[in-house]
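Thank you all for making time this morning. I would like to walk slowly through one structure, and I will show it before I say anything about it.

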Amino acid sequence: MANHPAQSAPFGSILAGHMAVAEYHDGAWGAFEVRPVAPLSLSPAAHVLHYGSTCFEGFKAYRHADGSVKVFRMEAHIERMRQSARSLVLPEPDAAQLREMVLAAIDRNRAEVPDAPGALYLRPMLIGTTPNIGAAATPSTSAMLIVLCSPVWDYFAGGAKPLRIYVEEHATRCAAHLGVVKTGGNYAAALGPTLAARKQYGVDQVLFCPGGEVQETGAANFLLIREGHILTRSLDSSFLHGVTRDSLLKVAPELGFKVEERVFTVAEMLEWVKTGEAALSGTAAVLSGVGTLIRDGQEFRVGDGGVGPNTQRLRAALVGLQQGTTPDTRGWLTAV
Ligand SMILES: Cc1ncc(COP(=O)(O)O)c(C=O)c1O
(Lines give C-alpha, C1' and ligand atoms only; values in the text may rest on other atoms or scores of the structure.)
Protein backbone atom coordinates (compact mmCIF):
# COMPACT_ATOMS: atom_id res chain seq x y z
CA MET A 1 0.00 0.00 0.00
CA ALA A 2 2.06 2.94 -1.26
CA ASN A 3 1.64 6.26 0.47
CA HIS A 4 -0.69 5.06 3.21
CA PRO A 5 -1.95 8.13 5.16
CA ALA A 6 -0.42 6.66 8.35
CA GLN A 7 3.00 7.04 6.76
CA SER A 8 3.01 10.80 7.10
CA ALA A 9 0.93 11.17 10.28
CA PRO A 10 2.18 11.25 13.87
CA PHE A 11 1.67 7.90 15.68
CA GLY A 12 -1.93 7.57 16.88
CA SER A 13 -3.27 10.71 15.23
CA ILE A 14 -5.48 8.87 12.71
CA LEU A 15 -8.38 6.72 13.93
CA ALA A 16 -9.92 3.92 11.89
CA GLY A 17 -13.63 4.47 11.30
CA HIS A 18 -15.13 2.02 13.80
CA MET A 19 -14.81 1.16 17.50
CA ALA A 20 -16.14 -1.63 19.70
CA VAL A 21 -18.03 -0.48 22.82
CA ALA A 22 -19.38 -2.32 25.88
CA GLU A 23 -20.88 -0.94 29.10
CA TYR A 24 -20.87 -2.29 32.64
CA HIS A 25 -23.91 -1.65 34.85
CA ASP A 26 -25.46 -3.43 37.85
CA GLY A 27 -22.61 -5.86 38.26
CA ALA A 28 -22.43 -7.16 34.67
CA TRP A 29 -21.03 -6.36 31.24
CA GLY A 30 -23.63 -5.83 28.53
CA ALA A 31 -23.24 -7.04 24.95
CA PHE A 32 -20.77 -5.01 22.89
CA GLU A 33 -21.44 -3.27 19.61
CA VAL A 34 -19.19 -2.06 16.83
CA ARG A 35 -20.13 1.45 15.76
CA PRO A 36 -18.67 4.46 13.96
CA VAL A 37 -16.18 6.46 16.02
CA ALA A 38 -18.07 9.42 17.50
CA PRO A 39 -17.95 11.58 20.65
CA LEU A 40 -19.07 9.81 23.84
CA SER A 41 -21.97 10.86 25.97
CA LEU A 42 -20.61 11.10 29.52
CA SER A 43 -21.82 12.83 32.68
CA PRO A 44 -19.52 15.71 33.69
CA ALA A 45 -19.60 14.01 37.12
CA ALA A 46 -18.22 10.75 35.66
CA HIS A 47 -15.75 9.08 38.04
CA VAL A 48 -12.94 9.03 35.44
CA LEU A 49 -13.05 12.80 34.95
CA HIS A 50 -12.42 13.49 38.64
CA TYR A 51 -10.65 10.51 40.14
CA GLY A 52 -8.70 9.14 37.18
CA SER A 53 -10.36 5.72 37.05
CA THR A 54 -8.97 4.67 33.71
CA CYS A 55 -6.61 2.15 32.19
CA PHE A 56 -5.71 1.17 28.67
CA GLU A 57 -3.65 -1.11 26.45
CA GLY A 58 -1.65 -0.74 23.25
CA PHE A 59 -0.77 -3.51 20.78
CA LYS A 60 -0.75 -4.13 17.06
CA ALA A 61 -2.30 -6.17 14.25
CA TYR A 62 -0.15 -6.71 11.15
CA ARG A 63 -1.07 -7.40 7.55
CA HIS A 64 1.09 -10.31 6.42
CA ALA A 65 2.41 -10.80 2.90
CA ASP A 66 -0.44 -13.24 2.07
CA GLY A 67 -3.00 -10.52 2.93
CA SER A 68 -4.07 -12.11 6.25
CA VAL A 69 -4.27 -9.92 9.37
CA LYS A 70 -2.76 -11.22 12.63
CA VAL A 71 -2.65 -9.73 16.13
CA PHE A 72 0.63 -9.96 18.07
CA ARG A 73 0.39 -11.26 21.67
CA MET A 74 -3.23 -10.27 22.18
CA GLU A 75 -3.67 -12.57 25.20
CA ALA A 76 -0.79 -10.98 27.11
CA HIS A 77 -2.22 -7.50 26.55
CA ILE A 78 -5.72 -8.58 27.59
CA GLU A 79 -4.31 -10.05 30.81
CA ARG A 80 -2.36 -6.86 31.53
CA MET A 81 -5.53 -4.81 30.97
CA ARG A 82 -7.44 -7.00 33.42
CA GLN A 83 -4.66 -6.65 35.97
CA SER A 84 -4.66 -2.85 35.55
CA ALA A 85 -8.44 -2.81 36.07
CA ARG A 86 -8.14 -4.89 39.25
CA SER A 87 -5.42 -2.60 40.64
CA LEU A 88 -7.61 0.46 40.06
CA VAL A 89 -10.78 -1.25 41.39
CA LEU A 90 -12.48 -0.78 38.03
CA PRO A 91 -14.93 -3.41 36.71
CA GLU A 92 -12.68 -6.06 35.20
CA PRO A 93 -13.17 -6.71 31.49
CA ASP A 94 -14.21 -10.26 30.68
CA ALA A 95 -11.27 -11.80 28.78
CA ALA A 96 -13.44 -13.63 26.24
CA GLN A 97 -15.56 -10.54 25.56
CA LEU A 98 -12.55 -8.24 25.21
CA ARG A 99 -10.95 -10.73 22.81
CA GLU A 100 -14.12 -10.71 20.69
CA MET A 101 -14.26 -6.92 20.79
CA VAL A 102 -10.68 -6.60 19.58
CA LEU A 103 -11.21 -9.07 16.74
CA ALA A 104 -14.54 -7.51 15.75
CA ALA A 105 -13.05 -4.02 15.72
CA ILE A 106 -10.12 -5.14 13.55
CA ASP A 107 -12.43 -7.03 11.22
CA ARG A 108 -14.68 -3.98 10.76
CA ASN A 109 -11.62 -1.82 10.06
CA ARG A 110 -9.82 -4.47 8.00
CA ALA A 111 -9.49 -2.27 4.92
CA GLU A 112 -7.59 0.27 7.04
CA VAL A 113 -4.84 -2.13 8.17
CA PRO A 114 -1.68 -0.85 6.44
CA ASP A 115 0.86 -3.14 4.82
CA ALA A 116 4.11 -3.73 6.74
CA PRO A 117 5.97 -1.89 8.11
CA GLY A 118 2.69 -0.25 9.06
CA ALA A 119 0.21 -1.86 11.45
CA LEU A 120 -3.19 -1.31 13.01
CA TYR A 121 -2.52 -0.09 16.54
CA LEU A 122 -5.18 -1.31 18.97
CA ARG A 123 -6.16 0.77 21.97
CA PRO A 124 -8.62 -0.80 24.42
CA MET A 125 -9.58 1.73 27.10
CA LEU A 126 -11.65 1.36 30.25
CA ILE A 127 -13.21 4.29 32.11
CA GLY A 128 -15.25 4.59 35.31
CA THR A 129 -18.54 6.31 34.43
CA THR A 130 -20.46 6.47 37.74
CA PRO A 131 -21.73 10.06 38.06
CA ASN A 132 -20.69 11.10 41.59
CA ILE A 133 -18.29 13.92 42.42
CA GLY A 134 -18.10 12.76 46.03
CA ALA A 135 -16.60 9.38 45.16
CA ALA A 136 -12.91 10.03 45.88
CA ALA A 137 -12.76 6.94 48.08
CA THR A 138 -15.45 4.91 46.33
CA PRO A 139 -14.91 2.85 43.17
CA SER A 140 -16.94 3.40 40.04
CA THR A 141 -19.72 0.83 39.77
CA SER A 142 -20.35 1.50 36.10
CA ALA A 143 -17.81 1.56 33.30
CA MET A 144 -17.30 1.80 29.58
CA LEU A 145 -14.88 -0.37 27.61
CA ILE A 146 -13.91 0.82 24.15
CA VAL A 147 -11.52 -0.61 21.55
CA LEU A 148 -10.13 2.05 19.22
CA CYS A 149 -7.98 1.26 16.17
CA SER A 150 -5.36 3.49 14.59
CA PRO A 151 -3.37 2.84 11.40
CA VAL A 152 0.28 3.53 12.25
CA TRP A 153 3.64 3.37 10.57
CA ASP A 154 6.94 2.01 11.87
CA TYR A 155 9.04 5.15 11.78
CA PHE A 156 12.15 3.27 12.83
CA ALA A 157 12.08 0.75 9.99
CA GLY A 158 15.16 0.77 7.81
CA GLY A 159 17.88 2.49 9.78
CA ALA A 160 16.49 4.57 12.56
CA LYS A 161 17.98 7.68 14.03
CA PRO A 162 19.58 6.80 17.38
CA LEU A 163 17.74 8.32 20.34
CA ARG A 164 18.93 10.98 22.79
CA ILE A 165 17.89 10.08 26.33
CA TYR A 166 18.00 12.14 29.52
CA VAL A 167 18.89 10.20 32.67
CA GLU A 168 16.56 11.41 35.45
CA GLU A 169 17.70 10.35 38.93
CA HIS A 170 15.41 12.52 41.06
CA ALA A 171 11.86 12.79 39.67
CA THR A 172 9.87 9.55 39.59
CA ARG A 173 7.70 8.55 36.64
CA CYS A 174 4.74 7.74 38.88
CA ALA A 175 3.79 6.41 42.33
CA ALA A 176 6.01 3.39 43.04
CA HIS A 177 3.18 0.84 43.32
CA LEU A 178 1.49 2.02 40.09
CA GLY A 179 4.36 1.61 37.65
CA VAL A 180 3.06 -1.82 36.73
CA VAL A 181 -0.41 -0.39 35.95
CA LYS A 182 -1.13 1.13 32.53
CA THR A 183 -3.16 4.10 33.72
CA GLY A 184 -3.49 7.66 32.39
CA GLY A 185 -2.27 9.35 35.56
CA ASN A 186 1.17 7.79 35.17
CA TYR A 187 1.60 9.46 31.79
CA ALA A 188 0.34 12.79 33.14
CA ALA A 189 2.89 12.51 35.97
CA ALA A 190 5.80 11.83 33.59
CA LEU A 191 4.91 14.68 31.24
CA GLY A 192 6.37 17.55 33.30
CA PRO A 193 9.87 16.05 33.72
CA THR A 194 9.83 14.85 30.09
CA LEU A 195 8.96 18.27 28.64
CA ALA A 196 11.51 19.98 30.91
CA ALA A 197 14.28 17.62 29.72
CA ARG A 198 13.23 18.04 26.10
CA LYS A 199 13.41 21.81 26.42
CA GLN A 200 16.74 21.87 28.24
CA TYR A 201 18.62 19.10 26.44
CA GLY A 202 16.67 18.42 23.21
CA VAL A 203 16.19 14.78 24.16
CA ASP A 204 13.67 12.30 22.75
CA GLN A 205 12.80 10.62 26.05
CA VAL A 206 13.58 10.50 29.76
CA LEU A 207 15.00 7.39 31.40
CA PHE A 208 13.69 7.34 34.95
CA CYS A 209 16.31 6.10 37.43
CA PRO A 210 14.94 6.96 40.89
CA GLY A 211 17.62 6.62 43.55
CA GLY A 212 20.21 5.89 40.85
CA GLU A 213 18.58 2.58 39.78
CA VAL A 214 17.67 2.28 36.10
CA GLN A 215 13.93 1.75 35.58
CA GLU A 216 12.21 2.64 32.26
CA THR A 217 11.32 5.60 30.02
CA GLY A 218 7.96 7.35 29.76
CA ALA A 219 6.58 4.83 27.28
CA ALA A 220 9.12 2.02 26.81
CA ASN A 221 11.32 -0.43 28.69
CA PHE A 222 15.11 -0.13 28.67
CA LEU A 223 17.68 -2.77 27.71
CA LEU A 224 21.47 -2.85 27.74
CA ILE A 225 22.74 -5.05 24.92
CA ARG A 226 26.08 -6.38 23.72
CA GLU A 227 27.32 -9.43 21.82
CA GLY A 228 25.80 -12.48 23.58
CA HIS A 229 24.41 -10.55 26.56
CA ILE A 230 21.28 -8.54 27.49
CA LEU A 231 20.85 -6.79 30.85
CA THR A 232 17.50 -5.34 31.90
CA ARG A 233 15.78 -4.52 35.17
CA SER A 234 14.07 -7.44 36.90
CA LEU A 235 10.27 -7.21 37.18
CA ASP A 236 8.79 -5.37 40.16
CA SER A 237 5.74 -3.14 40.68
CA SER A 238 7.64 0.08 39.90
CA PHE A 239 7.52 -0.16 36.09
CA LEU A 240 5.38 -1.53 33.27
CA HIS A 241 5.99 -5.16 32.35
CA GLY A 242 6.28 -4.67 28.62
CA VAL A 243 5.10 -7.40 26.31
CA THR A 244 7.80 -6.39 23.82
CA ARG A 245 10.43 -6.76 26.58
CA ASP A 246 9.05 -10.20 27.40
CA SER A 247 9.01 -11.22 23.72
CA LEU A 248 12.62 -10.08 23.18
CA LEU A 249 13.84 -11.87 26.30
CA LYS A 250 12.16 -15.09 25.11
CA VAL A 251 13.61 -14.85 21.59
CA ALA A 252 17.11 -13.69 22.61
CA PRO A 253 18.48 -17.03 23.91
CA GLU A 254 17.78 -18.58 20.49
CA LEU A 255 20.01 -15.90 18.97
CA GLY A 256 22.79 -16.72 21.42
CA PHE A 257 22.16 -13.98 24.00
CA LYS A 258 22.39 -14.61 27.74
CA VAL A 259 19.53 -12.75 29.42
CA GLU A 260 20.25 -11.15 32.78
CA GLU A 261 17.36 -9.57 34.73
CA ARG A 262 18.39 -7.62 37.83
CA VAL A 263 18.53 -4.17 39.37
CA PHE A 264 21.44 -2.10 38.02
CA THR A 265 22.67 1.43 38.59
CA VAL A 266 23.27 4.46 36.42
CA ALA A 267 27.01 4.08 37.10
CA GLU A 268 26.91 0.52 35.77
CA MET A 269 24.93 1.63 32.71
CA LEU A 270 27.47 4.37 31.89
CA GLU A 271 30.26 1.81 32.10
CA TRP A 272 28.34 -0.61 29.84
CA VAL A 273 27.67 1.94 27.09
CA LYS A 274 31.37 2.78 26.66
CA THR A 275 31.50 -0.29 24.41
CA GLY A 276 27.97 -1.77 24.52
CA GLU A 277 24.54 -0.84 23.20
CA ALA A 278 21.31 0.46 24.75
CA ALA A 279 17.75 0.35 23.40
CA LEU A 280 14.11 1.08 24.22
CA SER A 281 11.51 -1.65 23.77
CA GLY A 282 7.77 -1.21 23.36
CA THR A 283 4.84 -1.66 21.01
CA ALA A 284 5.46 1.74 19.42
CA ALA A 285 9.26 1.80 19.77
CA VAL A 286 9.66 -1.90 18.76
CA LEU A 287 13.39 -1.87 19.62
CA SER A 288 14.93 1.56 19.15
CA GLY A 289 18.63 2.16 19.61
CA VAL A 290 19.95 4.82 21.99
CA GLY A 291 22.87 6.90 20.69
CA THR A 292 23.40 9.36 23.54
CA LEU A 293 22.71 9.50 27.28
CA ILE A 294 22.67 12.84 29.07
CA ARG A 295 23.27 12.95 32.80
CA ASP A 296 23.69 16.13 34.85
CA GLY A 297 24.25 18.08 31.64
CA GLN A 298 27.06 15.77 30.49
CA GLU A 299 26.72 13.74 27.27
CA PHE A 300 27.76 10.08 27.10
CA ARG A 301 27.99 8.45 23.69
CA VAL A 302 26.53 4.94 23.54
CA GLY A 303 29.01 2.73 21.65
CA ASP A 304 29.82 4.57 18.41
CA GLY A 305 26.68 6.69 18.71
CA GLY A 306 24.71 4.72 16.10
CA VAL A 307 22.18 1.89 16.40
CA GLY A 308 24.32 -1.13 17.34
CA PRO A 309 24.48 -4.41 15.37
CA ASN A 310 23.07 -6.52 18.22
CA THR A 311 20.13 -4.14 18.62
CA GLN A 312 19.46 -4.40 14.89
CA ARG A 313 19.64 -8.20 15.00
CA LEU A 314 17.21 -8.50 17.90
CA ARG A 315 14.89 -6.00 16.30
CA ALA A 316 14.87 -7.90 13.00
CA ALA A 317 14.05 -11.15 14.83
CA LEU A 318 11.10 -9.55 16.61
CA VAL A 319 9.78 -7.81 13.50
CA GLY A 320 10.02 -11.09 11.58
CA LEU A 321 7.71 -12.75 14.11
CA GLN A 322 5.28 -9.83 14.15
CA GLN A 323 5.08 -9.54 10.39
CA GLY A 324 4.95 -13.28 9.79
CA THR A 325 8.19 -13.66 7.85
CA THR A 326 9.47 -16.08 10.55
CA PRO A 327 7.30 -19.00 11.75
CA ASP A 328 5.23 -18.40 14.90
CA THR A 329 6.25 -21.37 17.06
CA ARG A 330 4.93 -19.87 20.32
CA GLY A 331 1.31 -19.15 19.39
CA TRP A 332 1.85 -15.39 19.66
CA LEU A 333 -0.25 -14.54 16.59
CA THR A 334 -4.05 -14.55 16.44
CA ALA A 335 -5.74 -14.55 13.04
CA VAL A 336 -8.59 -12.09 12.56
C1 LIG B 1 5.52 3.10 30.57
C2 LIG B 1 5.67 2.05 29.55
N3 LIG B 1 6.65 1.13 29.70
C4 LIG B 1 6.83 0.14 28.81
C5 LIG B 1 6.03 0.05 27.69
C6 LIG B 1 6.24 -1.08 26.73
O7 LIG B 1 5.21 -2.01 26.85
P8 LIG B 1 4.82 -2.96 25.64
O9 LIG B 1 6.07 -3.61 25.19
O10 LIG B 1 3.86 -3.93 26.23
O11 LIG B 1 4.22 -2.09 24.60
C12 LIG B 1 5.02 0.99 27.47
C13 LIG B 1 4.22 0.98 26.26
O14 LIG B 1 3.29 0.46 26.00
C15 LIG B 1 4.82 2.01 28.43
O16 LIG B 1 3.85 2.91 28.28
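This is a predicted model: local features need pLDDT of at least 70, side-chain atom pairs count only at pLDDT 80 or more; totals for chains, interfaces and linings use all residues.

Let me begin with the aromatic rings, of which five pairs are found in the structure. One of these pairs is Phe-72 with Trp-332, an edge-to-face arrangement in which the centres are 5.8 Å apart and the planes stand at 90° to each other. Phe-72 belongs to strand S6, residues 69-72, while Trp-332 sits in the loop between helix H7 (309-323) and strand S18 (333-335), so this pair ties together parts that lie 260 residues apart in sequence.

Tyr-166 is buried, with a relative accessible area of 12%, whereas Tyr-201, at 22%, counts as partly exposed.

Arg-226 places its charged end over the ring of Trp-272, at 4.0 Å from the centre, and Arg-173 lies over the face of Tyr-187, at 5.1 Å from the ring centre.

Now let us turn to the nonpolar side chains. In soluble globular proteins, nonpolar side chains tend to be buried together. The largest nonpolar core in this model has 29 residues, and the members that touch the most others are Val-102, Ile-106, Leu-120, Leu-122 and Leu-126. Several elements each supply at least two residues of this core, including strand S1 (18-25), helix H2 (74-87) and strand S7 (119-128). Which element gives the most to this core? It is H3, with six residues. If we set aside neighbours within four places in sequence, Ile-106 is in contact with Ala-61, Val-69, Val-71, Leu-120, Leu-122, Cys-149 and Val-336. Another core, of 23 residues, lies apart from the largest one, and Trp-332, which we met in the edge-to-face pair, is among its members.

H2 has 14 residues and reaches 20 Å from its first C-alpha to its last, close to the 20 Å expected at 1.5 Å a residue, and its buried residues include Met-74, Ile-78 and Arg-82. Just after H2, Val-89 takes a positive phi of about 55°. H7 is mostly covered, as eleven of its 15 residues are buried, among them Leu-314, Arg-315 and Val-319. Just after H7, Gly-324 has a positive phi of about 80°.

Finally, please look at Gln-215, in the loop between strand S10 (205-208) and strand S11 (216-217). Gln-215 is buried, with a relative accessible area of 9%, and its side chain makes a polar contact of 3.1 Å with that of Ser-238. Beyond its neighbours within four places in sequence, Gln-215 is in contact with residues that include Phe-208, Phe-222 and Phe-239.

Definitions and conventions. Residues are numbered from 1 along each chain as its sequence is written. Side-chain values use heavy atoms; hydrogens and water are left out. Rings of Phe, Tyr and Trp (its six-membered ring) pair if their centres lie within 6.5 Å; planes under 30 degrees apart count as stacked, over 60 as edge-to-face and the rest as tilted. Helices (H or I, at least four residues) and strands (E, at least two) are DSSP runs, numbered from the N terminus. Buried means under 20% relative accessible area, exposed over 50%, partly exposed in between (1.4 Å probe, protein chains only). A charge sits over a ring if NZ of Lys or CZ of Arg is within 6 Å of the ring centre and within 35 degrees of the ring normal. A nonpolar core is a set of buried Ala, Val, Leu, Ile, Met, Phe, Trp, Tyr and Cys residues joined through side-chain atoms within 4.5 Å. Contact means heavy atoms within 4.5 Å. The expected span of a helix is 1.5 Å times one less than its number of residues. A polar contact is a pair of N or O atoms within 3.5 Å; within protein, one must be able to donate a hydrogen and the other to accept it, and residues adjacent in sequence count only if both atoms are side-chain atoms.
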